[in-house]
Amino acid sequence: MNGERVASAENAAEASVVLDRTPLYAEMGGQLGDHGLIDTADAQFFVSNTVSKGGLYVHEGKLIGKLSEGDTVFAGYDLNRRGLLARNHTATHLLDAALKEVLGDHVNQAGSLVSPEALRFDFTHFEAMTSEQIRAVEDLVNEQILAAKPVVTRVMGIEEAKAPAPSPCSARSTATPSASSPSAPRTSRSPASCAVAPMRATPPSSVCSRSSPSLPPAPMSAASRL
């Protein structure tokens, strides 16, 4: 509360919560953080943003009821918002590939913004694009979108992810395009009831009472107790 760690909080318009595990992605790499719900028998915490601070995933939002350190909670994310973010995240990969196809392999990403409504992709190039080049890039990206190929998410090391691969926008390529998800703790995808729908809920976790917990990379299937 107000930048200070507290043992409990009640009915706060602005608060932050840290869990020992979470299914919500934090804002990073240009992609905005998840919205969602942290739910207990005595409280509901409506997550309006998820950020990474000092190695912790911090859920920011509004608290109704009382939430205490050590409580067991159910955490879920806004499924519709996550889907929109995922689509625009994948579109940045398609745009990157199309730019390289049209302009050359010297093109590199120099920044991005991925929101539910739109994406922005910054890249390096030595001159302004012509109208013909812009149309060619648009056509390549739209061609892949209309092809409706399955998107495969693979978790890999940074060097493997950077290794050369066939362009998904190349007419000669038959490879299925893939997109890497932002790094975040993995959780199981078993359904559970949440107060905000549609949500993707996960098994219970607990409000963290440690100053620097490690965020577990493995799937979780049981409640955590401190």
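This is a predicted model: local features need pLDDT of at least 70, side-chain atom pairs count only at pLDDT 80 or more; totals for chains, interfaces and linings use all residues.
The largest holds 15 residues. Within this core, the residues with the most contacts are Val-17, Leu-19, Ile-38, Phe-45, Leu-63 and Leu-67. In soluble globular proteins, nonpolar side chains tend to be buried together.

Helix H1 spans residues 79-103 and contains 25 residues. From first C-alpha to last, H1 reaches 36 Å, close to the 36 Å expected at 1.5 Å a residue. Asp-78 caps the N-terminal end of H1. A side-chain oxygen of Asp-78 lies 3.1 Å from the backbone nitrogen of Asn-80. After H1 comes Gly-104, with a positive phi near 125°.

Ser-112 belongs to strand S7 (residues 109-114). Its relative accessibility is 14%, so Ser-112 counts as buried, the cut-off being under 20%. Two polar contacts involve its side chain. A polar atom of the Ser-112 side chain lies 3.4 Å from the backbone oxygen of Gly-29. The side chains of Ser-112 and Gln-109 are joined by a polar contact of 3.4 Å. Beyond neighbours within four places in sequence, Ser-112 is in contact with Gly-29, Gly-30, Arg-120 and Asp-122.

Helix H2 covers residues 131-147 and includes Glu-132. Glu-132 is exposed, at 62% relative accessible area. Its C-alpha atom is separated by 10.0 Å from that of Val-102, 30 residues away along the chain.

The salt-bridge count comes to eight. One of these pairs Glu-138 with Arg-135, with the closest N and O atoms 3.8 Å apart. Both residues lie in helix H2, and because they are three residues apart, about one helical turn separates them. An α-helix has 3.6 residues a turn, so residues three or four places apart point the same way. Glu-138 is partly exposed at 40%, whereas Arg-135 is exposed at 51%.

Glu-60 and Lys-53 form another salt bridge, the closest N and O atoms being 3.4 Å apart. Glu-60 is partly exposed, with 22% relative accessibility. Lys-53 is partly exposed at 46%. A further bridge joins the side chains of Arg-154 and Glu-160, at 3.0 Å from N to O. Arg-154 is partly exposed at 44%, and Glu-160 is partly exposed at 46%. Side chains of opposite charge can pair when their charged atoms come close.

Methods:
Residues are numbered from 1 along each chain as its sequence is written. Side-chain values use heavy atoms; hydrogens and water are left out. Helices (H or I, at least four residues) and strands (E, at least two) are DSSP runs, numbered from the N terminus. Buried means under 20% relative accessible area, exposed over 50%, partly exposed in between (1.4 Å probe, protein chains only). A polar contact is a pair of N or O atoms within 3.5 Å; within protein, one must be able to donate a hydrogen and the other to accept it, and residues adjacent in sequence count only if both atoms are side-chain atoms. Contact means heavy atoms within 4.5 Å. A nonpolar core is a set of buried Ala, Val, Leu, Ile, Met, Phe, Trp, Tyr and Cys residues joined through side-chain atoms within 4.5 Å. The expected span of a helix is 1.5 Å times one less than its number of residues. A salt bridge is a side-chain nitrogen of Lys or Arg within 4 Å of a carboxyl oxygen of Asp or Glu.
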